[in-house]
Number of protein chains: 2
Amino acid sequence: MNPKQIIKEIKGKQEEIKSVIFVGCGASKAELYPAKFFLDSNAKNLRISHYTANEFNYKTPASLDETAIVISASLGGSTPETVKANAKAKERGAHVISLTNAANSALTKDASYVICHRFAENYGAKLEKMGYALELAVEILEQYEGYAHYEDMQIAFSKIYDLSQRAAESAIEDAKKFAEAYKNDPVIYVMSSGATNEVAYSTSICLMMEMQWINSGSFHSGEFFHGPFEIVDKDVPFILLMNEGSTRPIDSRALTFLQRFDTKTTVVDALDYGLSSAVPKAVVDYFNPMLLTAVFRVYAEELSYARKHPLTKRRYMWKLEY
Amino acid sequence: MNPKQIIKEIKGKQEEIKSVIFVGCGASKAELYPAKFFLDSNAKNLRISHYTANEFNYKTPASLDETAIVISASLGGSTPETVKANAKAKERGAHVISLTNAANSALTKDASYVICHRFAENYGAKLEKMGYALELAVEILEQYEGYAHYEDMQIAFSKIYDLSQRAAESAIEDAKKFAEAYKNDPVIYVMSSGATNEVAYSTSICLMMEMQWINSGSFHSGEFFHGPFEIVDKDVPFILLMNEGSTRPIDSRALTFLQRFDTKTTVVDALDYGLSSAVPKAVVDYFNPMLLTAVFRVYAEELSYARKHPLTKRRYMWKLEY
């Protein structure tokens with residue numbers, strides 16, 4: 001079933017949905033954020049929350065019952081905390097929709113609905129987890145409350161995968177320059193705003209810390225001026241993922257400051273890749289994270305080549321029980 | 001008016017409240033988190049959200065109207081983004097409650113209600129912003145939905161300030177050891193879980209980056225295993241703020257891993273300061289952040305002495321327009 005049919009079927013069973021709860025770990029948690037952000041921004045009645053899976057398991061919200069839709073994600077479908085979250089959600093009677101690359105994985109056992117996304121085929125396919133979560137969010141809003149820009153969202157969904165794939169392919173020269181410039185840096189900061197906030201987060205904890213063993217921190221570009229900016233100095237490297245749309249002035253203000261102090265800054269800007277030419281302006285906010293994820297993947301790949309440290313190299317994961 | 005009276009008066013004017021929206025910047029944003037966490041965990045109908053102020057200003061949620069209570073905070077009451085957020089909230093008809101140390105500051109102009117908290121008097125007084133926000137959250141839940149542990153919360157509020165003050169005073173020897181051990185580290189990570197999640201965040205972006213110019217990152221201790229833990233090595237320093245209550249197993253799992261690899265780890269544990277002996281077990285989760293904030297303040301002070309870098313020293317803040 002596609003997202004529209006899934007939500008229609010849930011509505012047939014449960015006329016009153018009060019809460020939409022997003023659950024995942026690490027990159028899979030972060031990829032649910034644009035959907036969470038969309039509902040946070042647009043819903044007037046639905047309650048929205050977003051948990052790392054073990055927090056959901058150990059501090060289960062009182063709102064988890066048959067009036068809740070739980071959307072969980074795990075790439076390989078075997079993340080133990082997320083599998084356990086599905087069991088807990090099912091036990092409480094919630095409607096569980098799971099996103100995974102792996103049909104018949106442990107994650108699918110207690111899910112009422114499963115959407116299998118592609119992953120490794122190309123830069124566009126890697127965005128499907130994020131895209132399906134957002135589609136589910138749009139369907140929930142449209143079917144339970146109504147949403148004025150529903151058709152615009154459909155147009156955007158029909159464009160964003162190809163646009164992102166082309167953007168990623170065109171980014172290689174800039175990515176090589178970034179990799180050469182940053183390959184010896186001991187710490188790299190990442191920031192963004194709006195729907196892209198947790199792309200900054202996953203870039204920091206996954207691409208930098210996990211996959212390159214580079215020290216890193218991330219924060220919202222609006223928070224930059226309320227603490228982090230005191231670390232700014234010529235030799236402290238920043239990556240700014242710039243959004244088109246509502247929160248662009250927040251990103252721009254951070255960029256102005258970084259440039260004023262001649263900070264080592266790499267800007268990856270959705271505007272440079274034509275996001276708002278391809279996607280209706282009314283919904284452009286929600287598609288920055290997909291485009292920027294695709295483009296920055298190329299940057300991370302080039303960084304890994306320049307550092308001779310494959311993105312797949314691990315010290316602990318896949319090697320130990322923990 | 002106290003929190004109870006404020007919410008009673010709002011209820012007299014507006015029987016239906018749908019959304020509770022927390023707004024602030026930096027440390028003031030983080031200090032609203034325990035209240036947000038409390039409502040997220042316990043509310044079944046109320047919608048809960050939490051914004052850095054400029055995101056609220058530029059991407060104003062559709063739910064902001066007369067059915068919303070906005071709780072904003074700014075220590076000096078002059079943070080421009082938060083002042084602007086109050087104006088926007090008032091314009092949309094929301095009920096605005098502001099927490100500040102500065103009566104008659106710009107923040108109070110568009111607030112329907114103002115609670116002035118103390119700040120510099122002692123370690124306990126520094127917690128009042130966090131405490132009043134939590135009290136407001138408890139009153140909102142009690143008066144709009146009912147809350148089974150309302151009396152337990154009142155007992156806890158009557159104990160937490162003195163307990164935190166005594167805990168801070170007793171922490172000085174451990175804090176000195178921490179300061180000596182960490183004073184030359186180029187990067188320090190901070191993690192926690194549950195209601196304390198954003199104490200880890202503000203420790204990282206404010207105490208480390210802003211006030212000590214030490215590189216830092218923070219994350220939820222449940223997220224540690226989904227990216228950040230690959231950075232673990234003997235010489236990479238971590239601070240773990242350990243909670244009593246529901247999410248303790250999450251913190252403990254992270255500690256087990258850090259110890260297994262003989263990582264440079266400092267644990268500040270609410271259990272060591274007797275939190276659950278003083279506070280009713282049913283509500284202990286929500287008081288970890290106050291206790292741990294008080295204790296870690298002493299650690300930060302000792303670090304600043306050992307590094308001969310006052311916590312008040314800035315490169316940009318208070319010196320430039322930006």
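**Helix packing, chain symmetry and exposed sites**

In this predicted model, helix H3 (residues 33-42) of chain A packs against helix H6 (residues 128-144) of chain A at an angle of about 25 degrees, and the two axes lie 8 Å apart. Angles under 35 degrees count as roughly parallel, so H3(A) is roughly parallel to H6(A). The crossing in which H3(A) passes H6(A) is right-handed. On the H3(A) side, the contact is made by Pro34(A), Ala35(A), Phe38(A), Leu39(A) and Asn42(A). Their partners in H6(A) are Met130(A), Ala133(A), Leu134(A), Ala137(A), Val138(A) and Leu141(A). By residue class, this contact of H3(A) with H6(A) comprises ten nonpolar residues and one polar residue, with no charged residue taking part.

Attention can now turn to how the chains are related. In general, two copies of a chain are related by a rotation about an axis and a shift along it. Here, chain A is superposed on chain B by a rotation of 180 degrees, with 0.0 Å of shift along the axis and an RMSD of 0.0 Å. This is therefore the relation of a two-fold axis. Within chain A, the C-alpha nearest the axis belongs to Gly217(A), at 2.0 Å from it. Both copies use the same surface, since 100% of the contact residues of chain A recur in chain B.

Asn184(B) sits in the loop that links helix H8 (172-182) and strand E6 (187-192) of chain B. With a relative accessible area of 68%, Asn184(B) is exposed, because the cut-off for that class is over 50%. Along the chain, Asn184(B) and Ala306(B) are 122 residues apart, yet 9.4 Å separates their C-alpha atoms.

In chain A, two residues other than glycine have a positive phi. For Lys308(A), phi is about 50 degrees, and this residue belongs to the segment after helix H12 (288-306) of chain A. Lys308(A) has a relative accessible area of 72% and is exposed. Trp318(A) has a phi near 70 degrees, and its place is likewise in the segment after H12 of chain A. The relative accessibility of Trp318(A) is 61%, so this residue too counts as exposed.

Terms used: Residues are numbered from 1 along each chain as its sequence is written. Chains are lettered from A and ligands numbered from 1 in the order in which they are written. This is a predicted model: local features need pLDDT of at least 70, side-chain atom pairs count only at pLDDT 80 or more; totals for chains, interfaces and linings use all residues. Side-chain values use heavy atoms; hydrogens and water are left out. Axes are lines fitted to C-alpha atoms, for helices over the stretch in contact, and angles run from 0 to 180 degrees between N-to-C directions. Helices (H or I, at least four residues) and strands (E, at least two) are DSSP runs, numbered from the N terminus. Angles under 35 degrees count as roughly parallel, over 145 as roughly antiparallel, 65 to 115 as roughly perpendicular and the rest as oblique. A crossing is left-handed if the near helix is turned anticlockwise from the far one by less than a right angle, and right-handed if clockwise. Contact means heavy atoms within 4.5 Å. Ala, Val, Leu, Ile, Met, Phe, Trp, Tyr, Cys and Pro count as nonpolar, Asp, Glu, Lys and Arg as charged, and the others, Gly among them, as polar. Buried means under 20% relative accessible area, exposed over 50%, partly exposed in between (1.4 Å probe, protein chains only). Copies are superposed by least squares on the C-alpha atoms of residues with pLDDT of at least 70 in both.
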